[in-house]
Amino acid sequence: MPPRFTFSSRSRLNGQNTASEKIIQDAILQYLWGIGYPAYAVPNRGLYNIKTGTYNKKESGQIKGVPDIICPCFKGITVYFEVKTPAGIVEDDQKLYHEKLTSMGHKVAVVRCVDQVRQWLSLWGLSRERPRVIPPEQR
């Protein structure tokens, strides 16, 4: 039984109706579990330090740059997804970590929505969805 992810379809961000990274991440996890992949999110923010008002990664054992979602797939393949909002920027330490994973033969992608996850899985030959047949009259 897949875990339940709670998210709303929209979040208020900078005065606009824009999905937050957390909402996008939850939708991606829901999708991956729905197609049979036991993906999980990495709690990248660490422990919150009330005194300094910052997140402390060292105390929580976290490493900068680790992708947001780890997805074990069939055939022993693991893929990693860095989730960003449409305006989100990949940081330098994230790029370095992604390059390290890629150099080791892992699959890594920056995604901004569920459709991009579908596209990457298909490109990597890991799609578990049946292709939709579009009738000629609807093309």
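**Ground rules.** I am reading a predicted model, in which local features need pLDDT of at least 70 and side-chain atom pairs count only at pLDDT 80 or more, while totals for chains, interfaces and linings use all residues. Residues are numbered from 1 along each chain as its sequence is written, and side-chain values use heavy atoms, with hydrogens and water left out.

**Strands.** I took helices (H or I, at least four residues) and strands (E, at least two) as DSSP runs numbered from the N terminus, and counted two strands as paired if DSSP finds at least two bridges between them. Strand S6 (residues 69–72) pairs with strand S3 (residues 40–41) in the antiparallel sense over 2 bridges, and with strand S7 (residues 78–83), also antiparallel, over 4 bridges. I followed Ile70 across: Tyr40 has Ile70 as its bridge partner in S6, and Ile70 in turn has Tyr80 as its partner in S7. S6 and S7 form a hairpin with 5 residues between them, and Lys75 in that turn has a positive phi of about 65°.

**Cores.** For a nonpolar core I used buried Ala, Val, Leu, Ile, Met, Phe, Trp, Tyr and Cys residues joined through side-chain atoms within 4.5 Å, where buried means under 20% relative accessible area, exposed over 50% and partly exposed in between (1.4 Å probe, protein chains only). The largest core has 24 residues, of which Ile28, Leu32, Phe81 and Leu121 touch the most other members. Helix H1 (21–34), S6, S7, strand S8 (107–111) and helix H4 (114–123) each supply at least two residues of this core, and H1 gives the most, with 7 residues. A second, separate core of 6 residues includes Val42, Ile70, Tyr80 and Val108.

**Cysteines.** With a disulfide taken as a pair of cysteine sulfur atoms within 2.5 Å, I found 0 disulfides in the structure.

**Gln94.** Gln94 lies in helix H3 (residues 92–103) and counts as buried at 11% relative accessibility. A polar atom of the Gln94 side chain lies 2.8 Å from the backbone nitrogen of Glu91. Leaving aside neighbours within four places in sequence, I listed Gly65, Glu82, Lys84 and Ile89 in contact with Gln94 (heavy atoms within 4.5 Å).

Notes: Polar contact = N/O pair within 3.5 Å; in protein donor to acceptor, adjacent residues only side chain to side chain.
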